[in-house]
Amino acid sequence: MDNNKAMLTCDEDENKRILREWMQNTDDLVMVSSAIDLGQSVTVCYLAGLIDGRQLDQMLLLYKEDKDRLPAFQVDAKVHTFEEVANGLASGMSVLLFDSDGYGITIDTLGVQLRSVDEPTSEATVKGARSGFTESLQNNIALVRYQFASPSLKVEYRIAGQLSKTKMAILSVGGITNPDILQEVHQRIDEIPADAILGSNYIEEWITDNRGTLFPLLESTERPDRVIGALLDGRIGIIVQGTPFVLLLPFVFLQAFQVSEDYAWSYYIGSLMRLIRLFSGMVGLLLPAFYVATVTFHHELVPTTLLQSIASAKEPVPFPAVVESFMMMIAFEIMREAGIRMPKQVGQAVSIVGALILGQAAVEAGIVSPIMVIVAALTGICTFTLPPTAINYVIRILQFVMTLLASLLGYVGIMVGIIMLLTYLASLRSFGVPYLGPAAPFNLSELTDVIVRRPHTKNNKRPSLFRVIHNTRFRSKS
Amino acid sequence: MDRRITISNFQLMALIVISTIGTSSLYAPATFAHYAERNSWYLVVVGGIMGLLNLLVLLKLNKFYPDKNILAICTHLLGPWFGGGLAFLFVFYFLDLSSWILREFSQFFIIALNPIIPQMWYLIAGAIMCAYAVYHGLEVVARVSEIVFIVTVTTFLAIYVMLINQYHPEYLLPILEEGLIKPLKGLMLSMSWFGDLMFISMIIQYVRKTKSTTAYAMAGVGITFLLLLMSVLSCTMLFGGEATATFTYPSISLIQNIRLFRNIERFDAALVVVWVMSSFTKITAYFWSAFRGLSDLLKLKQPKRWIIPMAAAFVICSRYKVWGLVELTSFYDHQSWYFVLFQLFIPTMLLFIASIKENMKKSR
């Protein structure tokens, strides 16, 4: 028991006793002895509920019919130690213990009920594929392979988490992905000392370049088409068992404004949507700050008629603009958070409370000015246009910082904030790739597929940003 | 510094353009007009040529010693004592210049934007912003400067284009009626503005050199020249030579003349954008140079610790350097030889000595 290399014995009862001990005397461990052949008895062990009983029966019957066919359906090689048996049982295998010979074989009979392939809720599209990843690792790999039926797609399994033994698959494309980056990914994953990996964010936090940063240095997505697009750009995907969110890396800042639907529409529409997202990202970041700076310091820059209406609206409000904007922004964040947590049945109540009380009544009571309500609402809506990556949340956090700076130094404060933000972004790297690329280091031809979208027929170069081996997608016939 | 710092040609160009154009183009038209009235464009042209010359001197010096910055060249050529002293003078120049620009940075906001906020706040904000960038190192500064370059140049172009229907080209006439020599009184000043690119003598050793490095650097001076020319020309064509000379920041008045759809006006915010961004790049470039020079000369073990004291010193120096804009501009006006000395004369002298030394080596 102390010895991890404890070998299986040749005694049936002894094996059962030790195995039971290994499995913490758990009640759902089933061990049935059955005589398969004359003179030879096996013990069939499995965890009840975790396995598919029909499949196990089928396997056993097949085995009884023809013993030589066993290698055809056995998944793993023979196991000789209790540790292997216990690990196999815990991950949903059935183990046949040949007691007299002191070894066992494991059969993959995992039969757990998982969600079926569904439309991804966080990345819904109007046009484009509707299937999203699920919690099953095998199924997720299959979804990728289904759309990307190429032998150059490479899947490498890794296991992380000392206790949770979470399986994950590293996806790359031979001949495109840079082997140095792949090597780096392997190294970082192998070095994870965590005891449990309960989702892709656990991996993300362990392997990110900068653990202290607010910005996501890896992307996560629920959509197979997005993963394939990333793989073809020379990026690497990590599918973690038990979560529908697949990690993509390296990730650069401007990719946060892309959604896969851009490629489903004509490139004019795709480009326009992308520009709108960029614009609304900026509005989301800066509008409250701009309003506060203007109202506090720079009245003279507002056209007179507009200034009059702003002033008369603000007149009954006893708070300075910065307090007002913080109140509204915090109220908005609370409503948004409540909206996620809330049961669907009471959803209407919150929207009524939000619209009437926080909007109209607050204005009529003279707590906030109507202009501030417009600003807060517009800001909130703007951040909803971005795909739900962490950048979305980062922008909402930085809103507050920017507003604070604006209340101290006016427009200068905003600009100082922007410059420091840019400096910080420029200092980040995701797996060696500059986070602000391709804007800085500047590369015009690559920006044409980041800020806007290139037509598929003109998209014949992979981004060199991810240091791909083979740069050409296709040669256009001219 | 484990990894070798490299910056690209484009980044070099961006640094040259912004640090030269951003701050000067705001009040250059007024000062030039003061000397040459409607012929101030001529000063820009001559200044641009001198700027190109200045650039060539620095590039040539770099060709002799590709992995040395100007401080190392000083000590290499003139020995540890005299050369070291000169190198210290250079570091002092960088330090001094950083605080000058920091003061300019804050002075602009006091005068043009908002006199309510105390100057100290602007100084502190500027110093923090630049110290943060210096802390992250040259590569980061260079990358940010690329974005700054694009934003700044587009904004300037947009300003000049939006004014196009208000220009009076006849204000430029008669051209050079007083001959070619008389307007050159302000040449020293013009040179000192173009000479702001001298900080590249500290960074050029990190540029990933290709065939087109020289071309990019010269393009940088070219873009600076064009933008400065445009700003001078548009001021003259809008206000006339004499009126331009009376403004403190003619570019602000330029922007205030923009009017779209009858009542959308006052694009001053655009100027704040340009000013903060370009001052940032300029201060950071000099701050970084001073920081680098200081840590090289004193062989500091943990140079990053010195950034905060340096930034604090900049704030204090800038605050008490001069009492106001009048003194600031008059210093720039009358003591511009001080800048040109370090920008052009000493590097030329070094180049001279270097070429003699190299020739002697060859002949031996």
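Because the model is predicted, local features are reported only at a pLDDT of at least 70 and side-chain atom pairs only at pLDDT 80 or more, whereas totals for chains, interfaces and linings use all residues. Residues are numbered from 1 along each chain as its sequence is written, and chains are lettered from A, with ligands numbered from 1, in the order in which they are written. The predictor assigns the complex an ipTM of 0.90 and a pTM of 0.89.

Chain A is divided into domain 1 (12-108), domain 2 (137-251) and domain 3 (266-430), bounds that come from an automatic or database domain assignment. The centres of domain 1 and domain 3 of chain A, taken over C-alpha atoms, are separated by 61 Å. Strands and helices are DSSP runs numbered from the N terminus, with at least two residues (E) for a strand and at least four (H or I) for a helix. In strand β7 (residues 166-173) of chain A, 6 of the 8 residues are buried, that is, 20 or more other C-beta atoms, placed from the backbone, lie within 10 Å of their own. Strands count as paired where DSSP finds at least two bridges between them. By this criterion β7(A) pairs with β6(A) (residues 153-160) in the antiparallel sense over 8 bridges, with Leu171(A) as the bridge partner of Val155(A). The hairpin of these two strands has 5 residues between them, and Gly161(A) takes a positive phi near 90° there. β7(A) is also joined by 4 bridges to β9(A) (residues 236-240), again antiparallel, and Ala169(A) has Ile239(A) as its bridge partner.

Chain B comprises 14 helices and 2 strands. Its radius of gyration, taken over C-alpha atoms, is 20 Å, close to the 21 Å that the globule rule (2.2 Å times the number of residues to the power 0.38) gives for 364 residues, so chain B is as compact as a globular protein of that length. Buried residues make up 48% of the 364 residues in chain B.

The contact between the chains, defined by C-beta atoms, placed from the backbone, within 7 Å, takes 28 residues from chain B and 23 residues from chain A. On the side of chain B that touches chain A, α4, α5 (138-162) and α11 (268-297) each supply at least two residues.

Note on methods. A residue is buried if 20 or more other C-beta atoms lie within 10 Å of its own, exposed if 12 or fewer, and partly exposed in between; C-beta atoms are placed from the backbone. Two residues are in contact if their C-beta atoms, placed from the backbone, lie within 7 Å.
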